[in-house]
Amino acid sequence: MIKRPFIRLSKPRIQYALLGVKVMEPQEIPLPGIVTLLLDSPLIRKDIPFKVGDAVKTGQKLSIAGEGGPYVISSVTGTISAISPFYGDYGRVCTAISIKTGRKEELDKDFAAKSQGATLDTAAEFLGFTPGAPCFAAFRDPDKAIHTIVVFGGNTDLMIATNQYAIKSRIEDIGHGISILKQITGIEKIVIAVPRDLVPGFGHVGAELKGVDLSYPSAHPKMIMERELKLTVPAGKNCEDMGVVFMSAEAVASIGKAFSTGEIPHKKILTLVKKDGTQQLISARIGTPMGDVFSACGVSLNEKDRLIIGGPLTGSSIYSEDYPVGIDTDAVVVQDKADISLVSDYPCINCGECVRICPAKIPVNMLVRYLEAGHYEQAADEYDLYSCIDCGLCSFVCVSKIPVFQYIRLAKHELGRLNAAEATNE
Ligand code: SF4
Ligand code: SF4
């Protein structure tokens, strides 16, 4: 039994950083020699209608498993140089498609021909692999009665400025994206949520404006649901179950830009957080290896430095500079080995810091005992695992350096896998 819905959020203490009034422009990363596009599906050779050696154009769709199957959009013009399995976090298996870039860029015209009259089918067919990773599945799911779209102009972790940049510098594309979303989904209620200090002077873009508190994790979708939309997401449910789809400002800008130009955007904005903690905005072709980003920005890596994709509280470590910039890569953090806070095998000392800081008021000190022992079902039934909003604060404050958040993610993944297997068997 799940005991507690997502209610009674406590006051957090850490603040998001804001971009200054003068927006920093992203540094353009030169065209890489090879891009690698991660297709969110395992490699099954018989499903793949393209092969190594095939020529591809910028904006060309490469899909597997036929019409409606998973796809990527090529961010360069060149030749496919490799197709291989790619293993991500928690057993996630993708197909990595590497493309060697050619000298002369050619644009694929398939989307341009279909973009004249915007429809939900065209958006789902071509824009699911664009910067910001817009997802259209909930609008087509008869089990989800979507009534509101939230365009999100902040970032869910600290030190990331990617969506703030979109909201400050691409307001025209966002406005166009909002009108396209209204047209293709028929949904009239669109809310644009931006950090509270950015609200003054924010232009009208055909959406209801909400200012989000600067204290972490107020910008988390479930916090915005609770505080700004006055909708409580019960434990074990998500925002879409409550009829609300969240899309990042960058994703909505991508939709607006694509339908106004007939070209699918292929450059991702991300925030590079350097070893000294300074931030730099980057513009790179999707699929650019991280090593190219570091070389262009003067970042040198030494043995045992750590690379984190995503923010410092909720990101995941990566182990190779070949890791590519993805459609949802909002940040990469480079940590010097001297600054890495290591996890330990010390036991929980029941100090209660994690309980005090948890915005969902979960008894984390008890939860962690079940997670460490691998008793995931009891953790969910008795200690509110599914009320967790994945903010990472418990790990951040844990004096015993227990990787609480990583345990939580692993437990949710394992339970998800078990539930899926049971459903298949049934
Ligand atoms: S990550 Fe930790 S602090 Fe955040 S909601 Fe989950 S249990 Fe609470
Ligand atoms: S912060 Fe760490 S040591 Fe303290 S109660 Fe929570 S899990 Fe235990």
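This is a predicted model: local features need pLDDT of at least 70, side-chain atom pairs count only at pLDDT 80 or more; totals for chains, interfaces and linings use all residues.
**View 1. Asparagine 302 in its loop between α8 and β16.**

**View 2. The domains of the protein.** The domain assignment divides the protein into domain 1 (31–108), domain 2 (113–261), domain 3 (267–339) and domain 4 (353–425). Between the C-alpha centres of domain 1 and domain 2 there is a distance of 27 Å.

**View 3. Helix α7 packed with helix α4.** Two packed helices are described by the angle between their axes and the distance between the axes. For helix α4 (residues 162–169) and helix α7 (residues 249–261), the angle is about 45° and the axes are 8 Å apart, which means that α4 is oblique to α7. In this contact, Thr162, Asn163, Ala166 and Ile167 of α4 meet Ala249, Glu250 and Ala253 of α7. Sorted by class, the residues in the contact of α4 with α7 are four nonpolar, two polar and one charged.

**View 4. Helix α7 packed with helix α5.** Here helix α5 (residues 171–185) is shown with α7, and the axes of the two helices come within 7 Å and cross at roughly 80°. That angle makes α5 roughly perpendicular to α7. On the α5 side, the residues in contact include Asp173, His176 and Leu181, while on the α7 side they include Ala249, Val252 and Phe259. By class, the contact of α5 with α7 is made up of nine nonpolar, five polar and two charged residues.

View 5. When residues up to four places away in sequence are not counted, isoleucine 187 touches Ile146, His147, Thr148, Ile149 and Lys182. Of these, isoleucine 146 is 41 residues from isoleucine 187 in sequence, yet the two are 7.8 Å apart in space, C-alpha to C-alpha.

**View 6. Backbone details at proline 217, alanine 133 and aspartate 390.** Most residues other than glycine have a negative phi, and most peptide bonds are trans. The peptide bond from tyrosine 216 to proline 217, however, is cis, with omega near 0°, and proline 217 is found in the loop between β12 (215–216) and α6 (221–227). Alanine 133 is not a glycine, although its phi is positive at about 55°, and this alanine is found in the loop between α2 (120–126) and α3 (137–140). Alanine 133 is buried, because 20 other C-beta atoms lie within 10 Å of its own. Aspartate 390 also has a positive phi, near 65°, and lies in the loop between α11 (376–383) and α12. With 15 C-beta neighbours inside 10 Å, aspartate 390 counts as partly exposed.

**View 7. The residues around ligand 1.** The shell around ligand 1 has 15 residues, of which Cys358, Cys388, Cys391, Leu393 and Cys394 come nearest. Helices α12 (393–397) and α13 (404–425) each supply at least two residues of this shell. By class, the shell around ligand 1 has 13 nonpolar residues, one polar residue and one charged residue.

**View 8. The residues around ligand 2.** Among the 16 residues around ligand 2, those that come nearest are Cys348, Cys351, Cys354, Asn365 and Cys398. The elements that give two or more residues to this shell are α9 (353–357) and α10 (364–372), and α10 gives the most, with three residues. The shell around ligand 2 divides into 11 nonpolar, four polar and one charged residues.

Conventions
Residues are numbered from 1 along each chain as its sequence is written. Chains are lettered from A and ligands numbered from 1 in the order in which they are written. A residue is near a molecule or strand if its C-beta atom, placed from the backbone, lies within 6 Å of it. Helices (H or I, at least four residues) and strands (E, at least two) are DSSP runs, numbered from the N terminus. Ala, Val, Leu, Ile, Met, Phe, Trp, Tyr, Cys and Pro count as nonpolar, Asp, Glu, Lys and Arg as charged, and the others, Gly among them, as polar. Domain bounds come from an automatic or database domain assignment. Axes are lines fitted to C-alpha atoms, for helices over the stretch in contact, and angles run from 0 to 180 degrees between N-to-C directions. Angles under 35 degrees count as roughly parallel, over 145 as roughly antiparallel, 65 to 115 as roughly perpendicular and the rest as oblique. Two residues are in contact if their C-beta atoms, placed from the backbone, lie within 7 Å. A residue is buried if 20 or more other C-beta atoms lie within 10 Å of its own, exposed if 12 or fewer, and partly exposed in between; C-beta atoms are placed from the backbone.
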